[in-house]
Amino acid sequence: MPYRAPVSDFQFLMDHIIGFDEVTKTDQFSESTPDMVDAILTEAAKMCEEIIAPLNRAGDLHPATLENGVVRTSPGFADGYRTITEGGWVGMSASPDVGGMGLPMTLTTAVNDMMSSSCLSLQLNPLMSQGQIEALEHHASDAIKDLYIPKMISGEWCGTMNLTEPQAGSDVGALRSKAEPNGDGSFAISGQKIYITWGDNDFTQNVCHLVLARLPDGVPGTKGISLFMVPKFIPDADGNPGKRNSLKVVSLEHKLGLHGSPTAVMEYDGATGWLVGPEHGGMAAMFTMMNNARLGVGVQGIGIAEAAYQHALGYAQERTQGKAGGSGTIIEHADVRRMLATMKAETYTARAIALMNAVAIDMSTATDDAGWKARAAFLTPITKAFGTDVGIETANTGIQVHGGMGFIEETGAAQFARDVRVTAIYEGTNGIQAMDLVARKLMDGGDAAFRLLEEIEQGAEAAKATYPDLAEAVWQSAESLREATEWLVAQSDLNQRFAGAVPYLRAFARVLGGHVHLGSAMAGDAARVKMASFYIKRLLPEHVGLLAHVREGADDLLAITVDDLVA
């Protein structure tokens, strides 16, 4: 089944659910009129359906390779990349001052969703550049901004993010890469980095690496880390790629999926770099890029969920098996219908949460309001973890819908599962996202969480006259989540919070999903009412068991010793 971008869902969510009208009322985003939004979504959908989606299978069957130190990309990827960059899609949310469109992150999120569905391996390249552009806008010197950002927006150059080392994964502070001053304002960067997404390619003039390294006087841990711009080619006096820098791709990782995306082991041997942000302030600058990427990675999971759903739906509408009424195809079987309805409802929920997150980012950008900033920060780990979990679960369910054929590579169902699996790991594992949610994001005493819960309860109250049973279920779920949040806030021992962090994040997403589907029932047609009923009656009740897990704390968990696990 060819991919079809869910433009109607984006339009519906923006018009009725996520509060996008608040964004368009601000001075900064007032030009994002309904006509402009419609034109952007329509054009992006056309590009994704006609140009990008046909590349997905080629990337899987013909992976990127390293030949004599040169990365060769998958067939058609160079042309696909040019289509993306020539359309201006890389710099959608970048400032017009540096060549960007200055559009809301909400629209960028919708377009990234479509591109992720179409070909995630290729979409990873512009996503990295988008995150680097934002980091440079906030932290780089004017000279670096003026030189690098316009070229990344145009697609002439592209960006990467270099954090991980063999001995330093999630514990970034354990890195060993070093930076020595050259005496001319530049630095010599030495060290090895692994898992570098799109570490090189054969279709851009330059690759711009943001590299974390430690200066000679940098203290141990994350507080002693600095960030450097280290390009593949050192720009000459005219800003064009000049001398080859002292860095190279050592090898490309052999991955479970995302074969079209070259994931590199990078070696820096006294490579010339320039400081981004203050000395020893690298983590603050890098977190700007990482937070951008966390929203983007959550959306990648959602994009794969959409693609896997459409693929399974198409198969279910054609495959005849067993005694089925109606069309005689497997879509008539109750269990297949259950799987497809779950895939659709979950994808819609995750997409709505991601767009709510993007709206909060846009509002914080436009208003500098602390409340919007807190909301964006709170929703980011939920977006990343739930979006990628949904991508993995939906892709797995898609294989199940295909039955035995799902295990056969030729059907394409397995590729979605292989491609999406890493999204729950990179940009901070989903466990780390959940720990962040119950620790750092509850440091406000739960204020951001309680404001969201208040909105959910108000929405349920407004819906009680029309859909009393559905509304009551959503209201009660919000109350249960409020009580669990109060319990977490009261725990001074963080282990008591961490033990139930993952189920808490999942429960919060579940309740947000009830809110989204109830609102959709109120504003939508009969089909949205049916999906809301399915979600609220069948999926929302999972929050009860999740919250029971949360409130058990850590004592019984930590009482299980290593010997107990080995026995």
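Guide: Contact means that heavy atoms lie within 4.5 Å. This is a predicted model, in which local features need pLDDT of at least 70, side-chain atom pairs count only at pLDDT 80 or more, and totals for chains, interfaces and linings use all residues. Residues are numbered from 1 along each chain as its sequence is written, and side-chain values use heavy atoms, with hydrogens and water left out.

Visitor: Which residues does G218 touch, not counting residues up to four places away in sequence?

Guide: G218 touches G224 and H280. In sequence G218 and H280 are 62 residues apart, yet their C-alpha atoms are 6.4 Å apart in space. G218 sits in the loop between β6 (206-214) and β7 (225-231); strands (E, at least two residues) and helices (H or I, at least four) are DSSP runs, numbered from the N terminus.

Visitor: Is G218 buried or exposed?

Guide: Buried means under 20% relative accessible area, exposed over 50%, and partly exposed in between (1.4 Å probe, protein chains only). G218 has 15% relative accessibility, so it counts as buried.

Visitor: Which residues are in contact with H311, leaving aside its neighbours within four places in sequence?

Guide: H311 is in contact with H402, T411, G412, A413 and F416. H311 belongs to helix α8 (residues 282-316) and, at 19% relative accessibility, counts as buried.

Visitor: How do I read a positive phi?

Guide: Most residues other than glycine have a negative phi. Here N68, which is not a glycine, has a positive phi of about 50°. N68 is placed in the loop between β1 (65-67) and β2 (70-72), and its 84% relative accessibility makes it exposed. L258 also has a positive phi, near 50°. The place of L258 is the loop between β10 (247-252) and β11 (263-276), where L258 is buried, with a relative accessible area of 4%.

Visitor: At what angle do α9 and α10 pack?

Guide: Two packed helices are described by the angle between their axes and the distance between the axes. Axes are lines fitted to C-alpha atoms, for helices over the stretch in contact, and angles run from 0 to 180 degrees between N-to-C directions. Angles under 35 degrees count as roughly parallel, over 145 as roughly antiparallel, 65 to 115 as roughly perpendicular and the rest as oblique. Helix α9 (residues 334-367) and helix α10 (residues 370-402) pack at about 160°, their axes 8 Å apart, and are therefore roughly antiparallel.

Visitor: What is the angle between α12 and α16?

Guide: Helix α12 (residues 430-438) packs against α16 at an angle of about 80°, with the axes 8 Å apart. That makes α12 roughly perpendicular to α16. On the α12 side, G431, Q433, A434, M435, L437 and V438 meet A501, V502, Y504 and L505 of α16.

Visitor: How many residues of α16 are buried?

Guide: 18 of its 23 residues are buried, so α16 is largely enclosed by the rest of the structure.

Visitor: Which residues touch the most other members of the largest nonpolar core?

Guide: A nonpolar core is a set of buried Ala, Val, Leu, Ile, Met, Phe, Trp, Tyr and Cys residues joined through side-chain atoms within 4.5 Å. The largest has 147 residues, of which M114, L136, F378, Y504 and F508 touch the most other members. A second, separate core of 18 residues includes A64, A179, F187 and I196. Beyond its neighbours within four places in sequence, L136 is in contact with residues including I144, Y148, L210 and V276.
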